Each structure stands twice: as structure tokens, then as C-alpha cells.
Amino acid sequence: KISCSSNRINMTGSGSSECVCNVNSGDTAWMLTSSLLVLGMMPALGFFEAGLSSRKNAVSILTQITSGMALLQMLWHMVGFTLSFGPDQGGFIGNFDHAFFMHLSATECSCFAEGIPALLFAIFEAMFALIAPLLMTGAFVGHMRFFFFLLFIVLWEVLVYYPVAHWVWGGGWLYQLGVHDFAGGIVLHTTAGSSSLAVALALGRRADYAEHHGEETPHNIPLSNIGAALLWMGWYGFNGGSAFGANAVAVNAVATTTIASCGASLIWLICAVLRHRSVDSLVLFNGAIAGLAGITPCSGYVSPAWATLIATVLGLISYGSVWLLKEKLKIDDALDVSSLHGITGMVGSMLVGIMASTKVNPDGPSGWIESGDGTVFGYQVLAVVVVAAWSMFWTFLIILGALRISKWRGAHWVAASTRKQLAGLDKSDHHCFAYAADFIPGPGDFAGVSPILRRRSAREPDEPRHFYDVRRRRPQETDPLVVNEVHLSTDNLHDFDESP
């Protein structure tokens, strides 16, 4: 055991250097693995959302996710970690002692995780900071312009995520009050979920909302299923890694994560069968994601026995939230981020105050059932309300302020115009298409198009080509002999002559 020096480990500003390092290869190996699992969740999120959306916005989603990963990682390296976990400044934010990862050792620990190197702790926490704003991309699919998206996530990270992370995890005022969040129900899912609702309200409905009532037909269900499966797998690094070691708490977190995700998935299956008399894989994966998000804040605090009840609650609440927000209130949260992540994260965070047990985690809270005292529950509710309000306030301010400036300048650099929304952001923002079959060159169409598409489009004159005409909103075909090769949903089959 190595006594840590205060310039590395005393990040809370308490003036104490009592932390004792016990860095070992087993914990370090598990945390390296967990970091990679969570990193893989981000491209998985892109696959999941791209498959769920229309084909005209698939490249846009993947580009937002990939560029967001790169941008947010550099921001975390420069100022994010130190503002979130640096020495406390009045309970609100950290200072700049650890900017650019300064004073973070690759061999010695920090007080936040005494079994792993301080630098590894910073890398693991980076994964949470990266994925939080990327979750919101599902709320504005095909609506928000790309370059404003980059500006938005930077402002949101600095104004929302970094302060909240410090409040709850970095020694801030909620941490000092006694709020507990094992793996991000408050810090991540409450912030991203409530902000997604704010974005949906501020931007309004998409141009083609009336055609599909906010539920676009997924253009590639297998791709979406692959993304959801990878998300599910990566979540074990998300929750299991938050134990910061290969220990009993990590085992419990993995067990409760499995039970909650599978249980919530079955609840969605039952609800879908009762309402629609049918079920598909997307219903099952959406239910699983709702369970994963909801168990996140309490996975290391509650027993597997309670996880079954939690799964039932999360499944019913998330399914009901989608019905309320989308079908009744007509809020255009495109991929239901506020319901699958926001509501479930809030509920799971509050359930910590009821079902947590020190028998599961001696360093965790004792919930209302175990202790008979509702104080912890009250603190959890307070934290959820404050963080949700904080997140929505800054999100509204950013979006509405940018919309006002955009209107004053007479430009559509925040939300895409109606014409661009109908054409798809793949074409209008990225000059690219997810599928080469969608592209037929016309005068000036090669400007800004990638060389791959340019070569793909230089076909022989007699080679049959098919595409999706977004202006007419119906399939078109240049050669009736290849009608059966067109990749279309069954909704459009009536537009074709069924003769051989």
C-alpha cells in the first residue's frame, strides 16, 4: 500500500491526504476492460439510432455520434475532468489543477478509486461524459443541423454535465448532502433525458411529423438490433465498472443489471401483446434499454431479489411514458430518449432511497426499507428534481437563444428547413447517402460528394438504377424489370404494378 500525495488524490479540497493506494493488476484489468466496453457503446448507439430512423438520415446520425466522441474526449481531457473531479470550489465545481490530465499518475491512485491508477479513473469517467450528450441525438434525428450540434454538445457539457458530475460524484454539495448515484442515473440519464424533452419542445415537431405521427418506419431493423445488442453488452462495463474493481459489488451490479434488463424487456413484450396483439424485436430491445437505464443508479446498492420488482416498475413506467408523451401529448422526441433514459433514470435514482442495503454495499446508503428512515429517499428526490430542472433550464436557454439568433440572421443553422428535412440531412448536411442506390447524379450533384460515391455513380447508361425520391415521398424506378430489387417498406408496395 502506498500513501498518496495530496496533489494527486486530494481532489475534493478537503485538506486531507488519508487515502491509501492499493493499485493491483486485477482491478486495473477489469477497469480497462470496462472502459473499452463503454467506449463501444457509442458506435453501438449510432447503429441503434440509424436503424430506427429513415434511410435519409442514417449517415447524419453516425456522423454526429462519431464527431461527438472525438470532440467531447478532447474537451474532457482539457477541462472536463478537472471541472468535474478537481478540488471542490464552494460545492459547485472543480478547479483547474488537473487540466490536460496534469498530476494524474499511471501508477498511483486517486481517492475516488484506490485500487486503480488515477489516470485510468479519468479515462473511465470520460466514457460517461462522452455518451451523455450523445444519447440526446435520438431526440432530434433529422432535425438539428450538424454544425450547431457540435456547438450544442460543447455548451451542454460545460453548463450541465460537468457541474452535475461534480455535485454528485466529485465532492460537491449533493455529495456532501448524502445523495448516491452508483453509475449515472442522476448524472447521466436524468440530465440527458430531461434535456432531450427540452430539445423536443424547443425545436417543435419535424416537417413530416403528421405523416408518421412521430413514429418513422425503421429502415433497417437488423442494424438497429445489432446496435441494441452491443449497447446491452457494453452496459456491463457501465454498471459493473462503477464498482472500480473486480469485487463483490461489481458482481452484484452485473447480476442486477441482467435481471432488470430482461425483466423490463418482458414487461414491454406483455404490454405490446395486450395493446397490439403482436410483438417484434424492437419492442424487446426498447424494454431492455429502459431496464438498463433504470437499474444504473442502484445496481450496486440493491439485491438481485429487489431487481425483479424494479424491472417491473421500470418496464411499466417507460412504456406508459412513451404512450403519454408521444401518443397523447404529441411531443416529437423522435426515438423516445426522455422515456427510455430520462424517466427510468429518475425512477431508479429515487428507488435507491427505498431499496438500498448496506449488506450489498457497505459503503452505500441504507434505504427506507432497511433503516426505517426516509431521509435518504428525500435526498434522492431532491437531487432528481434539482438536476432535471437545471438540465432543462440550460437546454432551453441554449436552443431558444440560438433559434432567436438564427431567426434574426434569416438562416436555418439550428433546425433544418422544411425542404432539408424532407430531403434528409444526409444529403443537405453531408452530401452523402447511406446507400449508393439512393443517389442519381444530376447537374451539380457531384459537388462535395465523396470519391467513393462519385465512382459508384459513374455507371453504364443501360445499367438499371433505383432511388427514393424524397420530394414525391414515393418510390420511383427507372427500369420496371428490376422492381423487385428496390429496398422499400411494405407501405409503398401499392405504388407498383404487380405484374411480372
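**Criteria and conclusions**

Mentor: A disulfide joins C21 to C109, with an S to S distance of 2.0 Å. The model is predicted, so local features require pLDDT of at least 70 and side-chain atom pairs count only at pLDDT 80 or more, while totals for chains, interfaces and linings use all residues. Residues are numbered from 1 along each chain as its sequence is written, and side-chain values use heavy atoms, with hydrogens and water left out.

Trainee: Why is the pair C21 and C109 called a disulfide?

Mentor: The term denotes a pair of cysteine sulfur atoms within 2.5 Å. The sulfur atoms of C21 and C109 are 2.0 Å apart, so the pair meets the criterion. A search of the whole structure finds one disulfide.

Trainee: What makes the disulfide of C21 and C109 left-handed or right-handed?

Mentor: The torsion about its S-S bond is about -110°, so the disulfide is left-handed. C21 lies in strand 2 (residues 20–21) and C109 in the loop between strand 4 (93–94) and helix 4 (118–135), so the pair ties together parts that are 88 residues apart in sequence. Helices (H or I, at least four residues) and strands (E, at least two) are DSSP runs, numbered from the N terminus.

Trainee: Are C21 and C109 buried or exposed, and why is C271 classed as it is?

Mentor: Both C21 and C109 are buried. Buried means under 20% relative accessible area, exposed over 50%, and partly exposed in between (1.4 Å probe, protein chains only). C271 has a relative accessibility of 15%, so this residue counts as buried.

Trainee: What makes K56 and D208 a salt bridge?

Mentor: A salt bridge requires a side-chain nitrogen of Lys or Arg within 4 Å of a carboxyl oxygen of Asp or Glu. In K56 and D208 the closest N and O atoms are 3.7 Å apart, and the pair therefore qualifies. K56 lies in the loop between helix 2 and helix 3 (58–85), and D208 in the loop between helix 7 (185–203) and helix 8 (209–212), so parts 152 residues apart in sequence are tied together. The search of the whole structure finds seven salt bridges.

Trainee: How do you know whether K56 and D208 are buried or exposed?

Mentor: K56 has a relative accessible area of 10% and is therefore buried. For D208 the relative accessible area is 5%, so D208 is buried.

Trainee: What is the distance in the salt bridge of R206 with E216, and which residues join them in a network?

Mentor: The closest N and O atoms of R206 and E216 are 3.7 Å apart. Salt bridges that share partners join R206, E216 and D332 into one network. R206 and E216 are both buried.

Trainee: What makes a space a cavity rather than a pocket?

Mentor: On a 1 Å grid over the protein atoms alone, a cavity is a set of points where a 1.4 Å probe fits but cannot get out, whereas a pocket is an open set with protein on both sides within 12 Å along at least five of seven lines; lining residues have an atom within 4 Å of a point. The structure holds five cavities of 30 Å³ or more. The largest cavity has a volume of about 90 Å³, and its lining includes L45, F48, E49 and L52. Helix 2 provides the largest share of that lining, four residues.

Trainee: How much space lies in the second largest pocket, and which element gives the most to its lining?

Mentor: That pocket holds about 830 Å³ of space. Its lining comprises 31 residues, of which E215, V283, N286, V322 and D336 lie nearest its centre. Helix 12 gives the most to this lining, with five residues.

Methods: Points joined across faces, edges and corners; volume = space filled by probe spheres on them.
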